[in-house]
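Please look over the sequence and the structure first.

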Amino acid sequence: MLDKAAAVLDCYRPDGGAFRLTEIAARTGLAKTTAFRLCADLVRLGLLERAGETYRLGGKLFELGSLVPRRQDLREAALPFLQDLFEATHETVHLGVREGFDVVYVERIHGHDALALPSRIGGRLPLTCTGVGKALLAFSDGALVEEVLARPLPRLSPHSITDPVRLRTVIEQIQVSGLAYEEQEAALGVSCIASPVFDGPTAVAALSVAVPRARFRPAQLAPAVRTAALGLSRVMRLPARR
């Protein structure tokens, strides 16, 4: 089904033409009922927009497309700092960015232990259940924080924070310290510490170190995590990167 959806999107060009359903079916070789169903799904995802009897590319598609070079640029800038952080800790390190109410992992370097982590490159987890996510949330627009607190909070483990009052307190602590902690909130037996990366007043990314709960030593890990995040923030603010 994904290949058929891709065929529908491939009908279009960046100049933004609009097609009737019969034209889309003819261009893709799909049955009209199949084309209709796919177009309806793509409209719901924001990848197409419907105007009367025609369909054109949706704004979400252009938004996602613009993220690709920015993410690649961020990853390339971050890799030296992630590698330094790994060498300093020999633990699993992550780089993540926010998409909606989730953190999306852009890079991950495995530690020496095979931790059972739910994170993977390109995968997403709720902001409120991860150190990286909480660091991003704490330094996002205040309206986003209020929206997250007003929604039911997801639970990935028995330790996930589902009380909005408690989460608000945690966010305020992160805003003061610049460090976010996760205590087995995404996976049992794993804790992490994270710090935001800035390119302006709000966080554009966050990086973290994840370790087995038994040897989680925040006082030892915090300086390395904070140093890596500050170094990457300085690089992101360089005029040549704008």
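How are α5 and α7 oriented to each other: roughly parallel, roughly antiparallel or roughly perpendicular? They are roughly perpendicular to each other, because angles of 65 to 115 degrees fall in that class.

## Basis

This is a predicted model, in which local features need pLDDT of at least 70 and side-chain atom pairs count only at pLDDT 80 or more, while totals for chains, interfaces and linings use all residues. Residues are numbered from 1 along each chain as its sequence is written, and side-chain values use heavy atoms, with hydrogens and water left out.

## Chain overview

The protein chain has 8 helices and 9 strands. Both are DSSP runs numbered from the N terminus: helices are H or I with at least four residues, strands E with at least two. Of its 242 residues, 47% are buried (under 20% relative accessible area, 1.4 Å probe, protein chains only).

Contacts (heavy atoms within 4.5 Å) can be split by sequence separation. Among those with a separation of 6 or more, 56% join residues 24 or more positions apart. The accessible surface is about 12400 Å², and carbon and sulfur atoms hold 55% of it (Shrake-Rupley method, 1.4 Å probe).

## α5 against α7

Helix α5 spans residues 131-138 and packs on α7 at about 75°, with the axes 9 Å apart. Axes are lines fitted to C-alpha atoms, for helices over the stretch in contact; angles run from 0 to 180 degrees between N-to-C directions.

From α5 come Lys134, Ala135, Leu137 and Ala138. From α7 come Leu167, Val170, Ile171, Ile174 and Gln175. The classes are 7 nonpolar, 1 polar and 1 charged. Nonpolar covers Ala, Val, Leu, Ile, Met, Phe, Trp, Tyr, Cys and Pro; charged covers Asp, Glu, Lys and Arg; the others, Gly among them, are polar.

## α6 against α7

Helix α6 (residues 142-150) meets α7 (residues 164-177) at about 150°, axes 9 Å apart. The pair is therefore roughly antiparallel (over 145 degrees).

Val145, Glu146, Val148 and Leu149 of α6 touch Pro164, Leu167, Arg168 and Ile171 of α7. This contact has 6 nonpolar, no polar and 2 charged residues.

## α2 against α3

Helix α2 (residues 21-28) packs on helix α3 (residues 32-44) at about 110°, with axes 9 Å apart. That makes α2 roughly perpendicular to α3.

On α2, the contact uses Leu21, Thr22, Ile24 and Ala25. On α3, Lys32, Ala35, Phe36 and Cys39 take part. By class there are 6 nonpolar, 1 polar and 1 charged residues.

Notes. Angles under 35 degrees count as roughly parallel, over 145 as roughly antiparallel, 65 to 115 as roughly perpendicular and the rest as oblique. Buried means under 20% relative accessible area, exposed over 50%, partly exposed in between (1.4 Å probe, protein chains only).
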